Amino acid sequence: MAVPPSTRCPLSELRTYLLRYFWPPFKAVYADYITYEQYRHKFMKEDCARAALLHSGILWRLVLHSLGFDILPSVLIGISQDAVPFGQMLSLNGKTHFDDDLSEEEVDFICGTYYVYMNNGCIEKLSWWPRPQAWAGSELDVGFWSSQCEDWFQKHLENIRQGVSRRCDSSDNNGPVNNTHWKQGLKFNAATKKFKKNLDTTCSNFLATKASGKSLFCRLLYTSDIFSAFMDD
């Protein structure tokens, strides 16, 4: 779809979503997770679902947890009505195109992120699920949603449901954590990073030398992880 750049809405109109800012000490309980999950399910029913699917990885899986696998074919239908005011602008063959995208606040929201003021004046982000910065390069980031990824997802979901305290004065550590904790918790197989690097290089070379005019379509399939839903069946 090609549209004039003048039709884009100003950045000041960009939607923002967040769970809240807190002062330490901050302790999330199970009721907080239920509230977040309900908000995420509602949020995913808007036009942002396609943009989240295109991000792949953990965002891709959280969309499916909210909407189910039947949402997958919608990625190929085309851009949503939000693509022009809020998406990314692409230049292809001298024409301007738009595609769905998410703001940083929307990505944080989908992952269940809280903003906590620290004593040094900085803001720490704690999330129920790993944000893309922690997921990328982790040992679950293998280029598609593998059976190991799904096992981890289900175990973490069950851990939240069974392990997060219902009381604010609890000492459990099963609630939201920062990126450092997530990166440490996503280490399983040291060879994964090398495998992912080789996979990315191979895919990039293919798109550059073999895909020609179909490169945009191939990129869509690759980044949305659509194939992985069938690979693990």
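What follows is a short walk through the fold of this protein, from the overall picture down to one serine.

The structure is a predicted model, so local features are described only at pLDDT of at least 70 and side-chain atom pairs only at pLDDT 80 or more, while totals for chains, interfaces and linings use all residues. Residues are numbered from 1 along each chain as its sequence is written, and side-chain values use heavy atoms, with hydrogens and water left out.

The protein averages 76, and 71% of the residues score at least 70. The pLDDT falls below 50 over residues 213-233, a stretch with 47 contacts in the model beyond near neighbours in sequence; a contact here means heavy atoms within 4.5 Å. Residues 1-16 also stay under 50. Where pLDDT is low, the predicted coordinates should not be read in detail. Among the structural elements, helix H3 comes out highest, with a mean of 94, and helix H11 (residues 226-231) lowest, at 38.

The protein has 11 helices and five strands. These are DSSP runs, at least four residues of H or I for a helix and at least two of E for a strand, numbered from the N terminus. Three of the strands form an open sheet in the order S1-S4-S5, with mixed pairing; strands count as paired if DSSP finds at least two bridges between them. Strands S1 (21-22) and S5 (123-127) sit at the edges with a single partner strand each, so one side of each has no neighbour in the sheet. Strand S4 (residues 113-117) runs antiparallel to S5 over five bridges, and tyrosine 115 has lysine 125 in S5 as its bridge partner.

Of the 233 residues, 42% are buried, meaning under 20% relative accessible area with a 1.4 Å probe, counting protein chains only. The largest nonpolar core holds 45 residues, and Trp128, Trp129 and Trp152 touch the most other members. Such a core is a set of buried Ala, Val, Leu, Ile, Met, Phe, Trp, Tyr and Cys residues joined through side-chain atoms within 4.5 Å.

Finally, there is serine 66, in helix H3. Serine 66 is buried, with a relative accessible area of 15%. Leaving aside residues up to four places away in sequence, serine 66 touches Arg40, His41 and Met44. The side chain of arginine 40 also makes a polar contact with the side chain of serine 66, at 3.0 Å.

Technical notes:
Buried < 20%, exposed > 50% of the residue type's maximum accessible area, 1.4 Å probe, protein only. pLDDT = per-residue confidence, 0-100. Polar contact = N/O pair within 3.5 Å; in protein donor to acceptor, adjacent residues only side chain to side chain.
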